[in-house]
Amino acid sequence: MINKKLDRKADIQILDGNHAAALGAKLSRVQVIAAYPITPQSPVTESLSEFVEGGDLHAEYIAVESEHSAMAVCTSASLVGARTFTATSSHGLAYMHEMLHWVAGTRLPVVLACVNRAIGAPWNVQNDQQDSISQRDTGWIQIYARNNQEILDSVIQAYKIAESVYVPVMVCYDGYILSHTEMPVDVPSQGDVDRFLPPYKPHAILDPANPRNYNLVTLANPRVNADGILCHGYMEIRYLLQEALQKSRETIINVGQEFGKLFARSYANMFWEDRLDDAEIVIVAMGSLAMEATVAVDMLREEGHRVGVLSLRVFRPFPKDYLIEALSKARLIVVFDKNISYGSEGATCSEIKSALYGNRINAVIRNFIVGLGGRDVKAREIADAVRKSLPSLEEGGPNIEYPEWICHM
Amino acid sequence: MVAKSCTHICGESSPGIGEAGKTGEWRTSRPVIDPGKCIPAKRGKPSCFICWLYCPEALISKTIPVQIDLEYCKGCGICMYVCPAQAISMVNEGEFCSEQDGLNRS
Amino acid sequence: MKTNAVNLTEKEYLLPGNRTCPGCSLSLAYRHILKALEGQVIVTVPASCLTVLHGMYPVTSVDVPCVNTPFASTGASATGLVAGLKALGRKDVTVLAIAGDGGTYDIGIQALSGAAERQEDFIFVCYDNEGYMNTGNQRSGSTPLGAISGTTPMLGKQQNQKDMLAIMEAHGIPYVAAASATHPLDLYEKVRKAKTIKGTRFIHVFTPCPPGWRFSFGDTIRMGELAVQTGWIVLYEVEDGAFRLTSASESIARKGSLRPVREYLMEQGRFNNITEEQISELQERVNARWKRCLDRVTNL
């Protein structure tokens, strides 16, 4: 449904993922950008510098000397009331780790584009999702894009979500596979984005006229302030962050629906479904891998298997309750992870298992670790992994405790 | 569990006196000013105020006579050191114990 | 009219009853820094003794806005404040970054150096108590040769201090000053001057620490005076490359000479195990620096 208020018809541009992200930030009218170059994110920062230097974007661009500083700039700029943006990958995100906690703890709606890349050692500049998955416990919302349209749309939505619930948002997309691959992207007009995204209203602001001090040492227990009001302890402040992430699920869906009404591309759920209606076998994947999985489903369907894909769009907050129905008919769930929690299994697999627990879904779950450090994942390999898992459906079939790796070991 | 009256969603603090409590209670000796030696007291007009300048806690008044806020004075003795007229002495708190002094330790 | 104790503003931004140790020279320095900025300031501070002074949630001991920032990030946090204010068109506020020697010389040097290279428009104050005093006195890049600390517990530190002022000057920033908490009017004037200059301004403030350096609370000012009189520190400013001695250091250069550095060292328990060789080495460093200052000075 095309909304009549739209400024004009679709403006289709051929963009790679990095330019889509930069354009998303520009259309969101970011006011302070701080970033440090890292492969494969660098073109994002170059594009934004160009927008700023060329006068197309009225923002302060700070070419900082590290990612830690990039996030520190965003934190403080956000606290004086500016909308802020940064982008990074891999080691850059790892270097930001301390600041990621700090931003979330201060409840600042910073938006970060994470161009997913493997983490060393050894050095590797290609794609997997170990970087952002390693930051899952920092209190950030994490959205994963499957294609470049979703990158652009997600950055714009990210601001609306972040500034509604005061939780920072990380928009993640696969390095090279999306970041350096061009595809058609419908670019919304500035007027329409302005209609969708109101100016940033900070919950906290640094102002000499009303001095406040943020992030002082906070005791474990509640403490009374100068006006005699009993204020939180450290634990209550942490609780509120968890509560905000839990409640943000509704906001994410509402914002996605609202976006859909305006731009005719609905993001009404926290995950994408492909042929799940009659599926007894469900492939779970995240990011561009989910697109590859749909091709595998085509192959498997031809062989008569009732297979579908559940593609996670939002990893944090994890859409537990929302998944149950989608997985209720599944007998076999095959989870593909481009990450590994060493000594355990893929992060997505753990989350799916935890979501199903206690919900009377007795599906067998198999986990495959794929695509680390840019190892190509072919639809054929996904289909093979599903075929390999089929015996688990039989009575007394194998129950594999540990993840299997699609590699030469 | 969450304090009802508090609306903070992050660690937001407001200015307040006595954040560390009545820091005067930390004191083991007390600055005592001799008005006979104190320069502004003697001259009867604003002058000197060196003790005011150097007090790390901003607890000395720029008045005549000069006054020290003993509720919060930690008793460091910097004022005694900097006084050009040697008008300030540090007196052991024990000597004030018997007094009915509201400014003393409670 | 020259600022003195009589005409200096009575307005205070430091509230009574803060958490610093008795005789804390940081408290004294901060009091006058805030006076000089007249409250029109946004402060950013990393983990340090100033965090202690600022107090614990939900109460703070200062009447100015402040954001606490992780240890390594002070220069970047100040950059963010400046950028945010500029983006929003707020022009009437000075951004003050204030960190200890650990947060400046050691873990904070990268962010500070980056910001100075970018000529970010803020004042960076390093209050130097020559060690990690907030965590119980461990050695830092600013702990002097021969000083006992929590991590140089028996022999004392075996290396000399990093020359942070020279490092900052080498960034080509418009204003670099060396001040001491124990000379508050000189400090006040330097902050006032820094306030009027655009670009990155760096002020090093010597802050004697009674418990960390092991001298009695009431001797804080005396220790600073001794430091200046022996040339352990030199009070100066470098404005667009022009070097000026100030306050007591200027007086010593005009008439008089430095007292032996031994007189300063012997007053502090942290130098109890210092060797004669180390004293000689420190004296040579002091002499060499004093000579460099006299060679450069433009106001004598």
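The legends below describe close-up views of a predicted model.

**View 1. The two domains of chain A and the contact between them.** The domain assignment divides chain A into domain 1, made of residues 12–202 and 248–263, and domain 2, made of residues 271–405. The C-alpha centres of domain 1 of chain A and domain 2 of chain A are 27 Å apart, and their contact involves 27 residues from domain 1 of chain A and 20 residues from domain 2 of chain A. On the domain 1 side of this contact, at least two residues each come from helix H6 (130–133), strand S6 (141–144), strand S7 (169–174) and helix H9 (234–263) of chain A. S6(A) gives the most to that side, with four residues. By residue class, the domain 1 side of the contact with domain 2 of chain A consists of 13 nonpolar, nine polar and five charged residues.

**View 2. The largest nonpolar core and the surroundings of Ile333(A).** The largest nonpolar core has 254 residues, and those with the most contacts inside it are Val32(A), Val73(A), Val171(A), Ile283(A), Ile333(A) and, from chain B, Cys51(B). Helix H7 (residues 148–165) of chain A gives the most to this core, with nine residues, and both domain 1 and domain 2 of chain A supply at least three residues to this core. Leaving aside residues up to four places away in sequence, Ile333(A) touches Val282(A), Val284(A), Leu327(A), Ile352(A), Ala363(A) and Ile365(A).

**View 3. Strand S4 of chain A between its partner strands.** Five of the five residues of strand S4 (residues 84–88) of chain A are buried, and this strand is therefore largely enclosed by the rest of the structure. Both faces of S4(A) are covered, with Thr84(A), Thr86(A) and Thr88(A) buried on one side and Phe85(A) and Ala87(A) buried on the other. Strand S2 (residues 32–35) of chain A pairs with S4(A) in the parallel sense over two bridges, and here Thr84(A) is the bridge partner of Val32(A), a residue that is also among those with the most contacts inside the largest nonpolar core. S4(A) also pairs in the parallel sense with strand S5 (residues 111–116) of chain A, over four bridges, where Ala87(A) stands opposite Ala113(A).

**View 4. The contact of chain A with chain B.** Here 24 residues of chain A are in contact with 13 residues of chain B. Strand S9 (213–214), strand S11 (230–231) and H9 of chain A are the elements that give two or more residues to the chain A side, and H9(A) gives the most, with four residues. The chain A side of this contact divides into 13 nonpolar, eight polar and three charged residues. S9(A) is joined by two bridges to strand S1 (residues 12–15) of chain B, the two strands running antiparallel, with Asn213(A) standing opposite Ser13(B).

**View 5. The contact of chain A with chain C.** This contact takes 40 residues from chain A and 38 residues from chain C. On the chain A side, the elements giving two or more residues are S2, strand S3 (60–63), helix H3 (67–79), helix H5 (97–105) and S9 of chain A, and H3(A) gives the most, with nine residues. The residues of the chain A side that touches chain C comprise 23 nonpolar, eleven polar and six charged. S9(A) is joined to strand S3 (residues 66–68) of chain C by two bridges, the strands running parallel, and the bridge partner of Asn213(A) in S3(C) is Cys66(C).

How values were computed: Residues are numbered from 1 along each chain as its sequence is written. Chains are lettered from A and ligands numbered from 1 in the order in which they are written. This is a predicted model: local features need pLDDT of at least 70, side-chain atom pairs count only at pLDDT 80 or more; totals for chains, interfaces and linings use all residues. Domain bounds come from an automatic or database domain assignment. Two residues are in contact if their C-beta atoms, placed from the backbone, lie within 7 Å. Ala, Val, Leu, Ile, Met, Phe, Trp, Tyr, Cys and Pro count as nonpolar, Asp, Glu, Lys and Arg as charged, and the others, Gly among them, as polar. A nonpolar core is a set of buried Ala, Val, Leu, Ile, Met, Phe, Trp, Tyr and Cys residues joined through C-beta atoms within 7 Å. A residue is buried if 20 or more other C-beta atoms lie within 10 Å of its own, exposed if 12 or fewer, and partly exposed in between; C-beta atoms are placed from the backbone. Two strands pair if DSSP finds at least two bridges between them.
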